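Subject: Structure for you to look at

Hello,

Please find the structure below. My notes on it follow.

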Amino acid sequence: MSSHRQFDVESVRQCFPLLAQQINGHPLVYLDNAATTQKPQAVLDALVAYYRNDNANVHRGVHALAERSTAAFESARQRVATFVNARSHREIVWTRGTTESINLVAHSFGGENLRPGDEILLSDMEHHSNIVPWQLVAQRTGAELRVVPVTPEGELDLDDFDRLLSERTRIVAMVHVSNALGTINPVEEICRRAHDAGAVVLLDGAQAAAHLPIDVQAIDCDFYAFSGHKMYAPTGIGVLYGRESLLDAMPPWQSGGEMIRTVSFDHTTFNELPYKFEAGTPNIAGAIGLRAAIDFIESLDRGALIAHEEHVRKLTESLLQQNENVRLIGTAANKTGVVSFLLDGAHPSDVGTLLDQQGVAVRTGHHCAMPLMERLGIPGTVRASFGMYNSEEEVHRLMDAITKAQSFL
Ligand code: C6P
């Protein structure tokens, strides 16, 4: 028996109340998990319990609710630190999501360290969130962007990576798992090579955190950014992991309450890590919801979950390959979470609409990766992206819906 059989997808589905609904007269097949995942009851319960019982601002009050709220908020941070194997909770900064995490590093680390002629190394498969912040800081500092091309299969070309990496490279900013292709990049190797060249590495883990165990020490990255909402937690909460020595040396980014130690009109001193980077009242409930999501993920057999997701993705790919009008986009050897494709002669958004009419939710378009679409010479793709609750049966529903869509196109 293969290990995906040991993963009880039906009981997992029961934990996600939203899934049990009809869309356009059909049971929902939710295959837009790379955009955002659905939330298990345990996360919904944690949010309600927090607002119902403990709600108070954190780090400010001496009253009982403030202490409870602060304890829950900080224990969520510690939970995240353990989840990604950070050395300390000081390396975990709360943000609104991956985008804000990357902006923090670009603005603070980039703004402080980049000089004219320095280079920032990106790849062709970056999400706009890992392009535009670097573009803006490059414009401000006189640094330049360099871009590692992807192969037609959708893999990073490591020879090109080596060719473009030089003593001018200050920052390597790369995606761990591509949201448009599903490619898993060789992040340990990227970090090793970048560090040998004296560069720091930021990894965009938005699409990795829900699918792969993340160990920032084993990867040896300097920064790792991810979003709660793509891993079964609420929207509006995200994480920046940063190596303590780097975070310590970085100037604050946003300013206001929380991030200060003392303020006078002449001079302000800043709080210790990680609070130096957390101006204003944080998303307390979001952090608590993220903790509940991590507890939920880790209550499952992670190995069986990963095998299940791989099985569902590969089944989708092999069934699509039997359809002669389908072209798979992104056939890297190492993938997770995503199957992108095109139907001959059909615009992706028309396909998406026809699938929606049959209750199947996918995303269509450029997936906020316009340079990648340009490199691949395509306008966009239809993207099915998977979560822990997607079943074999749903893959077959997707195939039936595609066949029916083809008959309309
Ligand atoms: N990708 C998708 O449908 P935020 O919005 O900050 O939570 O995540 C931004 C982001 C950054 N990097 C990658 C690799 C991503 O996939 C995303 C979000 C969604 O693919 C929405 S565009």
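Arg363 stands opposite Arg383 in strand 17. Arg363 belongs to strand 16 (residues 363-365), which pairs with strand 17 in the antiparallel sense over three bridges. Two strands count as paired if DSSP finds at least two bridges between them.

This is a predicted model, in which local features need pLDDT of at least 70 and side-chain atom pairs count only at pLDDT 80 or more, while totals for chains, interfaces and linings use all residues. Residues are numbered from 1 along each chain as its sequence is written, and side-chain values use heavy atoms, leaving out hydrogens and water.

Strand 17 also pairs with strand 14 (residues 338-343), in the antiparallel sense over four bridges. Phe341 stands opposite Val382 there.

How many residues of strand 17 are buried? Five of the five (residues 381-385) are, so strand 17 is largely enclosed by the rest of the structure. Buried means under 20% relative accessible area, with a 1.4 Å probe and protein chains only. In a regular strand the side chains alternate between the two faces of the sheet. In strand 17 both faces are covered: Thr381, Arg383 and Ser385 lie on one side, Val382 and Ala384 on the other.

As for the whole protein chain, it has 14 helices and 17 strands; these are DSSP runs (helices H or I, at least four residues; strands E, at least two), numbered from the N terminus. Of its 409 residues, 57% are buried. The C-alpha atoms fill a box of roughly 70 × 55 × 40 Å along the principal axes.

Regards

Notes. Buried < 20%, exposed > 50% of the residue type's maximum accessible area, 1.4 Å probe, protein only.
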